[in-house]
Amino acid sequence: MSFGSRLRERREILDLKQSDLGKLLGITGAAIGNYENDISTTKADILYRLFDALQCDANYLFQD
């Protein structure tokens, strides 16, 4: 499972829309969609905020 797939999975578990998660992170919902589809990667500062917003750690999102 890819980073984007796990990101989508965790966001859906928390019942968040892409736009909701984007607002929490200060980015657009479209950017979240790009991350979920593995089109682009997150910057480090957004990645740390993402862990907090999704209430998970790096191991969850990056595990194979």
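Predicted model: local features only at pLDDT ≥ 70, side-chain atom pairs only at ≥ 80, totals over all residues.
View 1. E36 forms a salt bridge with R8, and the closest N and O atoms of the two side chains are 3.4 Å apart. This pair links distant parts of the chain, since E36 belongs to helix α3 and R8 to helix α1, and the two are 28 residues apart.

**View 2. A salt bridge between E36 and R11.** The side chain of E36 also meets that of R11 in a salt bridge, with a distance of 2.5 Å from N to O. Because E36 lies in helix α3 and R11 in helix α1, the pair ties together parts of the chain that are 25 residues apart in sequence. Both members of this pair, E36 and R11, are buried.

View 3. The side chains of R49 and D45 meet in a salt bridge, at 3.4 Å from N to O. R49 and D45 both lie in helix α4, where they are 4 residues apart, which corresponds to about one turn of the helix. R49 counts as partly exposed at a relative accessibility of 35%, and D45 is likewise partly exposed, with a relative accessible area of 44%. Apart from this pair, salt bridges that share partners join R8, R11 and E36 into one network. The count of salt bridges in the model comes to 3.

**View 4. The two sides of helix α2.** In α2, the residues L21, G22 and L25 are buried. These residues cover an arc of only 105° around the axis, so they lie on the same side of α2. On the other side of α2, K23 and L24 are exposed. What covers the buried residues of α2 includes α1, α3 and α4. The helix α2 is followed by G26, whose phi is positive, near 80°.

**View 5. D15 in the loop between α1 and α2.** The loop shown here runs between α1 (3-13) and α2 (18-25), and D15 has its place in it. D15 has a positive phi of about 60°, although it is not a glycine. D15 is exposed, and its relative accessible area is 67%, a value that lies over the 50% cut-off for exposed residues.

**View 6. D38 in the loop between α3 and α4.** D38 is found in the loop between α3 (29-36) and α4 (44-54). D38 is not a glycine, and yet it has a positive phi, of about 55°.

Notes: Residues numbered from 1 in each chain as written. Heavy atoms only, no water. Buried < 20%, exposed > 50% of the residue type's maximum accessible area, 1.4 Å probe, protein only. Arc of directions from axis to C-beta. Contact = heavy atoms within 4.5 Å. Salt bridge = Lys/Arg side-chain N within 4 Å of Asp/Glu carboxyl O.
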